[in-house]
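My entries follow in the order I made them.

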Amino acid sequence: MSPTATASRPTTKASAASATVPGYAGKLLRVNLSTGKIWTQPWAEHMREYLGGVGLGAKILYEEVGPKVNWDHPDNRLILATGPLAGLPVWGTGGLSVITRGAQTNGATSTQANGFFGAALKYSGYDAIIVQGQAKKLSYLYINDDVVEIRDASHLKGKDTWETQEALEVEHGLSGHRLSVYSIGPAGENLVRFAAIQGDYGHVASKNGCGAVMGKKKLKAVCIVRGTKALTPHDARGLVQAADDIAHDLKTDPAASTLYRWGTLPGVTNLYKLGALPIKNYTTNLTTVDMTTWEPAKLRNGFDHRGHQCSACGMHHCHIQVIRKGPKAGELVDEPEYEGWSGAGWTIGATDQEGISWLNTRLDRACVDVNEFGWVCGWVMECMEKGYLTEKQVGFKLSWGDIDGAYRLLQMISHRQGFGDLLAEGVKRASEKIGGEAAKCAVYTMKGASPRGHDHRGRWEEMLDTCTSSNGTMESANPTHQTEFGQPGRINPFNGEEVAKLVGGILGRKHFEDSLGGCIFTFRSRIEMLARALSAATGWNYTMPEALRLGRRTAAILRAFNLRCGIGTDLEYPSARYGSRPVDGPAKDHNIMDQWEHMVDVWYETVGYDRKTGKPTRETLKKLGLDWLTRDLWRK
Amino acid sequence: MAQIARDSLTAQIEVTTWVTKHVGGDGSGSKLFTEPFALGETVRQVLRRFTARHPELDAALWSPDHAELGEHIEVIVNDAVLGVTHELDSPLKDGDRITLLGQFMGGSCLIMSR
Ligand code: SF4
């Protein structure tokens, strides 16, 4: 296929710009889909202050997307960013951050995926891609070192994400890890509000409708040839030593090594024991299913496996699997993460492991966020059981655990057919539209996003994080070693004050991690070691306090962005069902809403934000070195 | 009241996930133990006696000075985390179940300190 009329190349001048800091490519690739213009921009000045990934993305989003530029406006930016460790020999450093104004909250989004894209981007000479505008017809972006072209994607229309990747591999005569493709499926093309961006067969940037933003821009895919440019770390020996230490820690630390061995599979049984496995849309925390069949070894033995590791990753974590038995036998699928077992399984009352695994991959292929799908589908199932929604309204009968019915609903949502058109708006908007008793059953935050695949009524720290965060999902996420941050190793999980102090106290850790260009799992080591790897890569002496300060700066910028968009403190609480009192199981009768206001107060105090306006205080901004934001937020 | 023999009361101790490595397991699934105790003995006392027989578990479960629990293993008694129906110093009842749950990192786990 030949390039389209809009194809162009980066300017020679910009292409010649070189990195000034080791470990970086040193250039940002910019694409305007409306005009077809492609150019590059050197960046070095702000590297230490913003690093990359979400740190860089938050700054660009704030500067370039004004409050009137809604998620579906051509001037919205879709930022695909990686960081200073991407492409270097540290485990899991093919990572990608997607930053944009998202379709679910119409506010800031930052969501991460792994695979090979981040490394390929760096090897091609870019630290990030910033896409603006809207193509006239469905297009894809092709990157092969300095050759960057916007190409016609009409032949990819309607294809799912795996089909899209296969088609592009054939088209370019490249397979394996020589071509990395991140794309949208039908759900993204049809602007489903919880559409995701999926890449490299099974890796998903899933939150806050970033796939809908891509769909609105008529950008079907970004495909990148592996790239030929060398990356030179400042201290190669020091980097390898830090990488070895991180790998050793992940293999041997008792808590971290679970991930090394089983990935996120133990989540199902562990969270069940804590009353935090969401079962049937939060209607219960108990099951009669034999939970020993959900232990990781048994779960993994149920399928034929192929390793499916990401760039430079020694973690025995990602797998492609073949379904052995049942009606889907023989199908190649991606082994579900915990979130997949939860969203495509327990949340909708399904416990058929082959069926869940199959549905989870179908969600990835359609580019639908598995968590939000679980909340939408579980809500429909509960409402039909209770008579709040009728067969006539939905179009067919759907009951708990019905995998084929769930798939039918997925297709209706992906193509916005019939009742699926309403459901494509996400569970908050759909339930508010239906109203009455049905509205009370929906799980969501008032900002418009939904929780990850846990029952947060048994995990208060995550409910508080989800409701107060500014990025459409969780911002803090507990570290493996919370004592490393001066936090207590143990607190009472049902003591709101202790929970709020902890969640506020670790704000920033995740944003630092997500600014480096790596994976959430391989970066579950000590931050001190990540800071050491960063220093070896760049030549900076990056310390842990600086790491946390960077993360808190990023959180403050995302918050400022949302406040400017009108997303304020009045939306920081869960829906009625999300914040309800569990009726059974280990968290029975622990009612977070009894303590909610106090928890939010304590959180505000801990992070140094003004409780009334939601703004980071002048003092906090000063400490973070964000004077320019002080002028914006607090000018009279 | 007459002293009840230790072996007439029992608690079940379930060791799960990576924690099983410290009690002769392979780091997956769970291992079950039946632990006799005397009337009035607490969760702490029974766990102390149990971990004394498993030195690796002893090091992993308790803080270095043994004054408190360490960071990465949750203690659940009859399906409730400590602090809800039991403290470490609550007496056990015949048939109680203690679960030692390895911290899972698909997010976070908060643990009670008292
Ligand atoms: S830990 Fe898993 S998701 Fe992360 S980089 Fe490695 S294989 Fe990929």
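**Interface.** I looked up the buried area first: chain B and chain A bury about 3200 Å² between them, 55% of it on carbon and sulfur atoms. Buried area is the accessible area (1.4 Å probe) that two parts lose on being put together, summed over both. This is a predicted model; local features need pLDDT of at least 70, side-chain atom pairs count only at pLDDT 80 or more, and totals for chains, interfaces and linings use all residues. Residues are numbered from 1 along each chain as its sequence is written, chains are lettered from A and ligands numbered from 1 in the order written, and side-chain values use heavy atoms, without hydrogens and water.

I then listed the contact (heavy atoms within 4.5 Å), to which chain B gives 35 residues and chain A gives 41 residues.

**Salt bridges.** I counted a salt bridge when a side-chain nitrogen of Lys or Arg is within 4 Å of a carboxyl oxygen of Asp or Glu. Between chain B and chain A there is one salt bridge. It joins B:Glu14 to A:Lys273, with the closest N and O atoms 3.0 Å apart. Helices (H or I, at least four residues) and strands (E, at least two) are DSSP runs, numbered from the N terminus.

**Sheet in chain B.** I found five strands in an open sheet of mixed pairing, ordered E2-E1-E5-E3-E4 in chain B. Strand E2 (30-37) and strand E4 (80-81) of chain B stand at the edges, each with a single partner strand, so one side of each has no neighbour in the sheet. Two strands pair if DSSP finds at least two bridges between them. E3(B) and E5(B) pair in the antiparallel sense over five bridges, and B:Ile76 stands opposite B:Thr99 in E5(B).

**Ligand.** I noted the residues around the ligand (a heavy atom within 4 Å), among them A:Cys310, A:Cys313, A:His317 and A:Phe521.
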